[in-house]
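Hello,

Here is the structure I promised to pass on. My notes follow below it.

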Amino acid sequence: MSKPEGLAKGNTTKEENEGPKRDTWVQKREYILSMLGYSVGFGSLWRFPYLCNRNGGGAFLIPYFTAIILCGIPLFFLEVSISQFSSRSATHVWVLCPLFKGIGITQLISSIIGSMPYAVITAWASYYLSQSFRSLLPWTTCDNWWNTPVCIDKLTNDSAEVSFNSTVEQQLLHRAVWRKPNSTMTASEEFWQFNTLRVSSGIDELGSVEPHMLLSLFCSWTLVFLCVMKGVRSLGKVVYVTAVMPYILLTVLLIRSCMMPGSADGLLYFLRPDFSRLGSVQVWLEALLQAFYSMGPTFGTIITISSYNKFHNNCLRDVALLTVIGEASSIFCGLVVFSTMGFMAYEAKIPISEVVSSGAGLGFIIYPEAIAKLPLPQLWSFLFFLTLLSLGIDTLFGSIETVIAGIVEAFPQHLKKRRVLLSGGVCLGIFLLSIPYTTEGGVYLFQLLDWYTSSFSVLLIGCLECLIIGWIYGSKRFNLDVEMMLGRRAPTVLSFMLSYITPVIMFAALILSLFMYDPPSYGTYIYPVHAKVIGILMAVLMTAPIPITLIYQVAQRKGTIMERLKLASVPSDEWGPARTEHRKMYLEREHIQREKLMLPVVVEPASLEIK
């Protein structure tokens, strides 16, 4: 008999009352919306369209979907399966192979470090959202205190020799080391650089904390705390708004932008294929990395969110559904962005290639300028930055839940009933760590750490996950676990890819990323050597728990090195389903398998005791 998808309080089955008590999603759609909210973020809105355009337009979809199929989906299914099977968060699920328990710690650290720049982007969106209520949008004129003589009120092809008179103007332009000499800046760019960021002349000059950014950051973290303070019980309700709202708002923006002249040219520019670009290794590497940013495996959040599923939830169907919706969302975001870029190019009478940008430049310079040209610009500005705020908050939910769940599971008796206090402490702690991003040099720090901490650990963890499940834990044992949950084994093609194809591709991409490394930059500003060293050290620090715990686990065992490695690779006694009924089935199966292989039985099913 199939299990009900959701169980409200006071209506639990006997099975749900057995074993250790753990929260689960009340409704299946809450899980789906939470996963969508996590995976469809800033990368879908401004990174995917830019990469698609730069790497062959519609032709980029070939390497992109190849990466999704060969790497993204197998790892996605792997993480969803092991977490649903064990009901453990990312930090603790790796008891299935104690030798690599450091992966969980690395994912915890990645969630903390990764949530900081995301919160900063959300703070930027909050600040722009507040400015959208002004009678005249402040990024549309050049007569404000932050403007300089090089300011122009629209995007053009012109550059000009300029002069400046006031000391403030000299100081502002002296800071603009990222700007080409004798070039003009649009009003929206000056608002971004000199008002929002109040950017300094480099990373060595962090300067003072900007109160308006500090307040915006605090508001963002307060909003996150209110949504995650009670775990899935509060988060499951919030995602009905935060995950659905961006689709509604983006649809409205797409319809409006398609009504403007030049939008069709922008859409054609986005989708027009250039198959000659497919011969570049860089294109395939960027497609692989974007697939990871889009789907979100190896960061730990998928594991944590899926750990709240019911044991018999059809996770294979969920993976297929989420993949289709998530990748369709990326293409949809591309249509929204490039229809607007086409309109901007038409208005400025310049090629679309000179309008196209990525990252913050698209979200906080180009798009605000495009919005200003629409009728009722305050309305469209409010809708756009509300969309950015929703996208950022949704992604932060998953990262913060990964941190909180990891801490709670480490000390369940002391912290489970203090969930609200712990959530507040985690949000406050990461807020305090994020304060350097609100300084005048914060944007340099943002770019540096985002550059170094985003790709290396992702590829390394992806390789290790395939190694663990495919070769150490064993694909046969993994398939038996899946069969316990779904009543059928994982598709053969998925098992084959997890054991052979995916790890080979991941390892090759890891090596290529090291050799094809480009140093970070901010405009024309080049980071000093010591800043690059700090970035590299941060990347190493994030992955350091993996070798440290490996050495520790080996040192704790007795015997030769090979014997110790084998013992440390055997799943811990803690591994297995959380519910008593399922755990008995699992242990009986393991007992039979060990007898067949003539291995010592670690736990006798008859003496089972769930603590």
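**Helices 14 and 15**

In this predicted model, the axes of helix 14 (residues 315-348) and helix 15 (residues 360-372) come within 9 Å and cross at roughly 55°. That makes helix 14 oblique to helix 15 (angles under 35 degrees count as roughly parallel, over 145 as roughly antiparallel, 65 to 115 as roughly perpendicular and the rest as oblique). Axes are lines fitted to C-alpha atoms, for helices over the stretch in contact, with angles from 0 to 180 degrees between N-to-C directions. Helices are DSSP runs (H or I, at least four residues), numbered from the N terminus.

Where do the two helices meet? Val-336, Val-337, Thr-340, Met-341, Phe-343 and Met-344 in helix 14 are in contact (heavy atoms within 4.5 Å) with Leu-362, Ile-366, Tyr-367, Glu-369 and Ala-370 in helix 15.

**Tyr-346**

Helix 14 also holds Tyr-346. This residue is partly exposed, with a relative accessible area of 47% (buried means under 20%, exposed over 50%, partly exposed in between, with a 1.4 Å probe and protein chains only). Leaving aside neighbours within four places in sequence, Tyr-346 contacts Pro-261 and Gly-262. Tyr-346 and Asp-265 are 81 residues apart in sequence, yet 8.8 Å apart in space, C-alpha to C-alpha.

**How to read this**

Residues are numbered from 1 along each chain as its sequence is written. Local features need pLDDT of at least 70, side-chain atom pairs count only at pLDDT 80 or more, totals for chains, interfaces and linings use all residues, and side-chain values use heavy atoms, leaving out hydrogens and water.

Best wishes
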